[in-house]
Amino acid sequence: MPDKVALTYCGTRSLTYDRLNRAVNRRAHALADSGVRPGQRVAALISETLGVAEVYLALFKTGAVTAALNPFWDADVLAGVVERCGATALVYDPGMDALVDQVRPRLARVHTWIRLGGPVRETVDLDALSARAPDTEPEIHGTGDDPMALFFTSGSTGPPKAVVHTHASSLASARLWLDIPRGADSVFGTGAIIWGIGFTAIAGPALYGGLRLVLEQDWGPKDFLAVVPRERVTHVSLIPSFFSALFADDEHTGADLSSVTTVILGGEPLAPALLRRIKERMPGAAVYGYYGQTEAPYSACGRLDDGSQDLRSAGRARTGFAVRVTRPSGEPVVGEVGEIHLAGAHRMAGYDGDADATARVLRDGWYVGGDLGRLDADGRLYVLGRRSDAILKGGRWTRPAEIEEAAAELDAVAEAGAVGTPAHEETAGSGEPVEQKVLLAVVPRAGSSATELGIRAELAARLPEHRRPDAVVLVDGLPHGQDASGGPGKLLRDEIRARYGHLA
């Protein structure tokens, strides 16, 4: 396989597995020449996808612990994360120059600054060192249960937590193809989301499985429509919101997407109407769902479009992994709602520097991340989400996805986001479950004649009273997180509530 193409970068450059390995070896020798040592904490702030691939792999070979930084953090968050994780070296690329200039004076513990893309004063020129370095295999220091990287949580419930993954846990995550088919000519397309846990969950499986990894800087709908036919992409891993954006207008109808054989979806619920649109547009593609978290990536997966399982299921535990649901007492249950527990070689080692937080979520070998779900008798997992997202109306709990799925069935709706707001102002912030009203924010499909009253009337005919929206607001777009894919990230329900909650 050395002569097989390992990756293609932005349609302009291709590297075989042999050439990629030699490039990584030169980077590893160069990093060692710059002073990087096994076990050292090295922060990586890289936005360019080829740089991510080469530098991450090189750091892994050196045995350094890579702190995989989010290039979309602001200076305050970035400085705090680097300080807390104890990094003494930081490698970055030109896209991060302005941010580095802001944080450099605040990071006294970082004594080695390393830059891709040419020389800068008082900074190691990694390109120059790499050009002089040999391409032979460096001495490999990291293996097995040695810490490999710190991958950071989204920070939606506080400062980002540093999740410690080992070489062994990352390798276990990369064995995705034990559960999802691939072929000798499979091509995995992706964008800049490969920094952070995306490297282990997307780039790692592609390279481990011998696929050709197509790396783009932007993987939003417009570029997706250009790159898939150009590179004959077969495999993609995205969130459902991406396809909501892709199908919001008719621009996609002229693109040849016939090469796509496998669509892997996760991160948020998938509405049946959206699955139908995906299958209508790409009838030859098998659609898989997955469930996982930064602490335990890709824990469960299953086929969604062949009738073998309920669409709302995330599938069964992946090969070698385990999933269970328990009551508050810790007793495992089937067919009941409870806490989701995840176990397997892919599970994190813990939270860096936070033994208390680690002890709260790692219980007797299981990771317990606060999500609710249920298992059926066949071992399929149904993820119900977090209690903080559930809506209490008429004395009954509802998942926002159940309302959003009904809205997605309407021809006039491109995307919808449902949230609960306190029914009485005086109960807001009490900390106890309170009656809520349902607010639905809707992005109309291009060219539709959608109205707020019309959507409310149609949903009233489809939904029971406790799920009916009390207010509908038409918006140009819903707030999503930024994950560097170029398309929308996860839906930000708190932001919907903050923008439009007063209307309910």
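The model is predicted, and local features need pLDDT of at least 70, side-chain atom pairs count only at pLDDT 80 or more, while totals for chains, interfaces and linings use all residues. Residues are numbered from 1 along each chain as its sequence is written, and side-chain values use heavy atoms, with hydrogens and water left out. Helices (H or I, at least four residues) and strands (E, at least two) are DSSP runs, numbered from the N terminus.

**Exercise 1.** Determine which strand is joined to β13 by bridges and holds A286, and how the chain reaches that strand.

*Solution.* Step 1: four bridges join β13 to β14 (residues 286-293), and these strands run parallel; two strands pair if DSSP finds at least two bridges between them. Step 2: β13, helix α10 (residues 272-281) and β14 form a right-handed β-α-β unit. A crossover is right-handed if, with the strands pointing away from the viewer, the path from the first strand over the helix to the second runs clockwise.

**Exercise 2.** Describe how β12 and β13 are joined.

*Solution.* Step 1: β12 (residues 235-238) runs parallel to β13, with four bridges between them. Step 2: L238 has L265 of β13 as its bridge partner. Step 3: between β12 and β13 the chain passes through helix α9 (residues 240-246), in a right-handed β-α-β crossover.

**Exercise 3.** State which way the side chains of β13 (residues 262-265) point, and whether these residues are buried or exposed.

*Solution.* Step 1: in a regular strand the side chains alternate between the two faces of the sheet. Step 2: T262 and I264 point one way, V263 and L265 the other way. Step 3: all of these residues are buried, where buried means under 20% relative accessible area, exposed over 50% and partly exposed in between (1.4 Å probe, protein chains only).

**Exercise 4.** Locate T234 and list its contacts.

*Solution.* Step 1: T234 lies in the loop between α8 and β12. Step 2: T234 has a relative accessible area of 11% and is therefore buried. Step 3: apart from neighbours within four places in sequence, T234 is in contact (heavy atoms within 4.5 Å) with D185, S186, V187, S259, V260, T261 and T262.

**Exercise 5.** Identify the buried residues of α8 and the elements against which they pack.

*Solution.* Step 1: P221, F224, L225, V227, V228 and E231 are buried in α8 (residues 221-231). Step 2: these buried residues pack against β1 (5-9), β10 (187-190), β11 (212-215), β12 and α9. Step 3: just after α8, R232 takes a positive phi of about 55 degrees.
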